[in-house]
Amino acid sequence: MPKSKGTIGILTAGGDCPGLNAVIRGVAKAAMHYGWKVLGVQDGFRGLVENRVVPIESINVSGILTHGGTFLGSSRDKPHKMPMGGKIMDMTEVAVANYKKQRMDCLVCLGGNGTQKNAYRLQKAGMNVLTLPKTIDNDVAETDITFGFDSAMNVATEAIDRLHTTATSHHRIIICEIMGHDAGWLCLGAGIAGGADVILLPEIPYNLDVIAESLLNRRRTGKRFSIIAVAEGVQPQQGEDSDEEKGSKKKKSPSEDEIFKQAKVNGIHLVQEPVASRIARELQTRTGVEARVTSLGHVQRGGSPTPFDRLLCTRLGTKAGELLAARHFNCLVAVKGNRCEPVPLSKVAGKKRIVPTDHPWIQTARLVETCLGDRTV
Ligand code: F6P
């Protein structure tokens, strides 16, 4: 058997998304092609700290291109702040020790913004790392796109399509809440692709009166239904309180945020009302039109990757294999135009790519008369 050129570990961290298995396959196959030994680290950075590492052979990555999720498992645990037996501990040294114990030359980390930061910390602690941009949120800096985004956008678009037919039949407002954390890419992309009439993004604070007026304008022109795509991270414009909140302030009762903070201190985990429900209630009151809410939630992260993502994942994964072969470490494998290119991790970690308010997609939405919550259409 030819001598191994070196050993890599692969881990998947943060929220899962379609395409993780496709990337693991791409990295592993290309790395094996260049003579590297491949190890899988289970459940993200926790598996590294707990030294839960399994060998990956060609047979293990066969037939997984189309499978959703990650066969390695994932977690949101950070090496420097890891819950261990009821305490939060800095496990960085243990992570580095296990990396050395497994004789790894590089740890390949598939993840979003949290993972980029954690990998960079491990790089500074002495490990070689390579990262790949994973997230349905599409908000990793220095890459044109992240894998998982297209698959999630397909799910969200199909959901909006289905909501259209029922909203039309019942002449209703239907509000569809879409994931994306603090970035509006997924909501904007699916909203445009699904023809939503109102799209609300974290990057553009909304005004309920403006939205209500746009909905009523649609009614006046004979359009009796409306679809609103709401990103989970949306915020109202400053000073804009809901009617209910105005009332509660008069009574000097604690704000919702205060109630949640206090509950946390008391060890109670309250489930927050989805933002879409609050907006629906307010718009129903202001327009007199019946409103319904659909929150897509984790459906957006499940299932098989789209052909676009399968291709992207395979390109990114094999590029990572080429970089390993060249011993080019400590970078993000990013998409720049038609190419996959390394970007130093120091330029990526701690940054976030949100939707610029002058992005062409914003102008596109406005030109097809979509209300973005800041101006009436
Ligand atoms: O980052 C991906 C994402 O799906 C976000 O869009 C969402 O806010 C978050 O993860 C949900 O996280 P969890 O799966 O931990 O509830």
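Arg76, Ile136, Asp137, Met179, Gly180, His181, Glu232, His298 and Arg301 surround the ligand; a residue counts as near a molecule or strand if one of its heavy atoms lies within 4 Å of it. This is a predicted model, in which local features need pLDDT of at least 70 and side-chain atom pairs count only at pLDDT 80 or more, while totals for chains, interfaces and linings use all residues. Residues are numbered from 1 along each chain as its sequence is written, and side-chain values use heavy atoms, with hydrogens and water left out.

The shell around the ligand consists of two nonpolar, three polar and four charged residues. In this division Ala, Val, Leu, Ile, Met, Phe, Trp, Tyr, Cys and Pro are nonpolar, Asp, Glu, Lys and Arg are charged, and the others, Gly among them, are polar. Domain 1 (6-148 + 305-337) and domain 2 (152-301 + 357-367) each supply at least three residues of this shell; the domain bounds come from an automatic or database domain assignment.

A polar side-chain atom of Asp137 is 2.7 Å from a ligand oxygen. For Gly180, a backbone N or O atom lies 3.0 Å from an oxygen atom of the ligand. In Glu232, a side-chain N or O atom lies 2.5 Å from an oxygen atom of the ligand. Taken alone the ligand exposes 400 Å², of which the protein buries 71%; the areas come from the Shrake-Rupley method with a 1.4 Å probe, and for residues only the protein chains shown count as cover.

Strand E1 covers residues 6-12, and seven of its seven residues are buried, so the strand is largely enclosed by the rest of the structure. Buried means under 20% relative accessible area, exposed over 50%, and partly exposed in between (1.4 Å probe, protein chains only). Helices (H or I, at least four residues) and strands (E, at least two) are DSSP runs, numbered from the N terminus. On one side of E1 are Gly6, Ile8, Ile10 and Thr12, and on the other Thr7, Gly9 and Leu11, all buried. E1 runs parallel to strand E2 (residues 36-41), joined to it by five bridges; strands pair if DSSP finds at least two bridges between them. Thr7 stands opposite Lys37 in E2.

Thr370 lies in the segment after helix H12 (360-367). Thr370 is buried, with a relative accessible area of 7%, and its side chain reaches the backbone oxygen of Ala365 at 2.9 Å.

Terms used
Polar contact = N/O pair within 3.5 Å; in protein donor to acceptor, adjacent residues only side chain to side chain.
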